[in-house]
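Reader: I have just opened this one and would like to go through it with you. Could we start with one side chain and then widen the view?

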Amino acid sequence: MTACAIEPSAESGNDGAPRPGCGITAEGAYAARLARRGDSWYPERWTLDGPEPYAVPLPGNQPEEPGTEVQPMADGRVLVHRVAAGRHLFSLLYPTGPGTGELPLGAVECPPDTTGVRLLPPVPGGERAYALAVGPRATVLWQVAGAAFGPERLAEIPGRCSGGVWLDGGGRILALDRETGGRVKAVAVDLERDGEVSPLLQIAPDSDDRILLADPDSGLVLIRSDAPSPGRERLGWGVLGSALPVRFPECLHLPDCVVTPFAIQPGQALTPERCAVALRVDGPFGSWVGVWRPAERRVRHLPAPEGWLAGAGLWTPDGELRLPCSTPQLPCGVARLTPRGVGEAAPGGVGGAASDGIGEAASDGSGEGPGDGTREGPGGRPGGGAQGDGPQEEDEAAPRPPRPVPLQQAPLGRRVTK
């Protein structure tokens with residue numbers, strides 16, 4: 001079976017965002033990372049839902065390559081993506097007493113001109129896993145775990161796709177950033193309709209518009225676009241189903257820094273503007289944590305806990321931010337930050353060492369409406385299916401994929417206030 005070359009491991013993904021230090025299942029029970037002991041790399045699984053976090057090393061018969069991808073599954077196994085002799089191999093690893101058990105899943109076949117294969121983020125439910133094989137003119141979506149007979153080719157999507165965000169709690173609708181004609185637009189892919197593709201985010205014809213993060217409960221989405229500032233990308237937010245445009249708060253614009261959202265507080269079904277969003281901020285002097293809510297006009301800047309696996313973390317529904325950390329003294333720990341940013345030591349974990357108000361950015365929180373420079377205040381309203389022309393009836397047996405965030409239909413020439 002022929003296979004294709006994989007992109008080497010890098011600090012940044014193919015969309016320019018920094019890679020997180022580990023992957024966490026959608027429900028937050030397990031995490032996995034590629035750990036290092038001396039010159040040897042090996043997969044490591046973290047259990048996060050017990051009384052205290054603990055790690056289990058899963059070394060194979062030989063050390064892993066630095067570019068090996070790992071992903072936690074809901075049953076505690078770890079999916080590993082290796083490249084050997086130009087072939088892409090997928091296996092599930094699990095602890096077996098003092099050793100490591102391995103269940104080979106098979107290899108992915110793709111054309112020689114494919115430029116990269118990478119795993120998509122963990123699926124809600126954690127029983128399946130998917131990968132993208134990116135070619136010069138099209139991208140192939142593969143199911144690499146959870147299929148009946150090894151990796152299964154699901155769909156071919158025109159254009160070069162990157163990113164990857166799950167829009168629903170069932171792992172059916174996937175948002176991808178698709179490059180065609182020199183522009184990047186986010187699209188929705190329906191896995192239960194043979195990979196049917198529909199537009200998801202289009203702010204302006206000549207803008208690059210990416211989906212970075214989404215919360216299925218509230219519909220809150222974080223996006224990156226150069227629509228408000230051509231040639232310069234900005235962070236913005238919107239709500240699937242809202243009639244208001246995406247807004248680009250000034251407090252999320254930090255010169256000389258790369259700001260990457262990595263977790264949204266779940267369980268806020270009717271109040272997306274009050275969801276807490278965790279941000280990874282990379283600046284000239286290192287990385288730290290930002291906490292922001294769409295309804296607020298500032299970002300709380302908090303020192304990163306020691307050993308933070310940068311870019312990894314999750315919110316609990318009641319608003320506690322949990323950040324996995326690893327230090328020589330404590331190889332497996334979790335720092336817990338309360339909604340006010342006060343660090344609290346987790347059992348067997350490490351403290352957050354952050355107090356309310358440290359380094360806060362006291363910005364006015366306003367944003368520019370795309371196209372005309374209109375200042376838009378924070379706000380928004382909840383919605384379900386991202387319809388720009390009113391509610392639509394849906395077949396419960398086969399619900400339609402989310403339609404585009406209605407940016408072009410929404411009024412931009414009026415001032416939005418709370």
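Reader: What lies 2.7 Å from a polar atom of the side chain of Arg247?
Author: In this predicted model, the backbone oxygen of Pro245 lies 2.7 Å from a polar atom of the Arg247 side chain; a polar contact is a pair of N or O atoms within 3.5 Å, where within protein one must be able to donate a hydrogen and the other to accept it, and residues adjacent in sequence count only if both atoms are side-chain atoms.

Reader: Is Arg247 buried or exposed?
Author: Arg247 is buried, with a relative accessible area of 2%, where buried means under 20%, exposed over 50% and partly exposed in between, using a 1.4 Å probe and protein chains only.

Reader: And where is the place of Arg247?
Author: Arg247 sits in the loop between strand 19 (234-239) and strand 20 (258-264); strands here are DSSP runs of E with at least two residues, helices are runs of H or I with at least four, and both are numbered from the N terminus.

Reader: What should I know about the numbering and the cut-offs?
Author: Residues are numbered from 1 along each chain as its sequence is written. Local features need pLDDT of at least 70 and side-chain atom pairs count only at pLDDT 80 or more, while totals for chains, interfaces and linings use all residues, and side-chain values use heavy atoms, with hydrogens and water left out.

Reader: Now a new spot: which residues does Ala310 touch?
Author: Leaving aside residues up to four places away in sequence, Ala310 touches Arg19, Pro20, Gly21 and Arg280, a contact being heavy atoms within 4.5 Å. Ala310 is in the loop between strand 23 (300-302) and strand 24 (314-315), and Ala310 counts as buried because its relative accessible area is 18%.

Reader: How many helices and strands are in the chain?
Author: The chain has 0 helices and 29 strands, and 53% of its 418 residues count as buried.

Reader: What is the strand order in the open sheet of 4 strands?
Author: The order is 13-14-15-16, with antiparallel pairing, and two strands pair if DSSP finds at least two bridges between them. Strand 13 (160-166) and strand 16 (196-201) are the edge strands, since each pairs on one side only.

Reader: How many bridges join strand 13 to strand 14?
Author: There are 5 bridges between strand 13 and strand 14 (residues 173-180), which run antiparallel, and Ser162 has Asp177 in strand 14 as its bridge partner.
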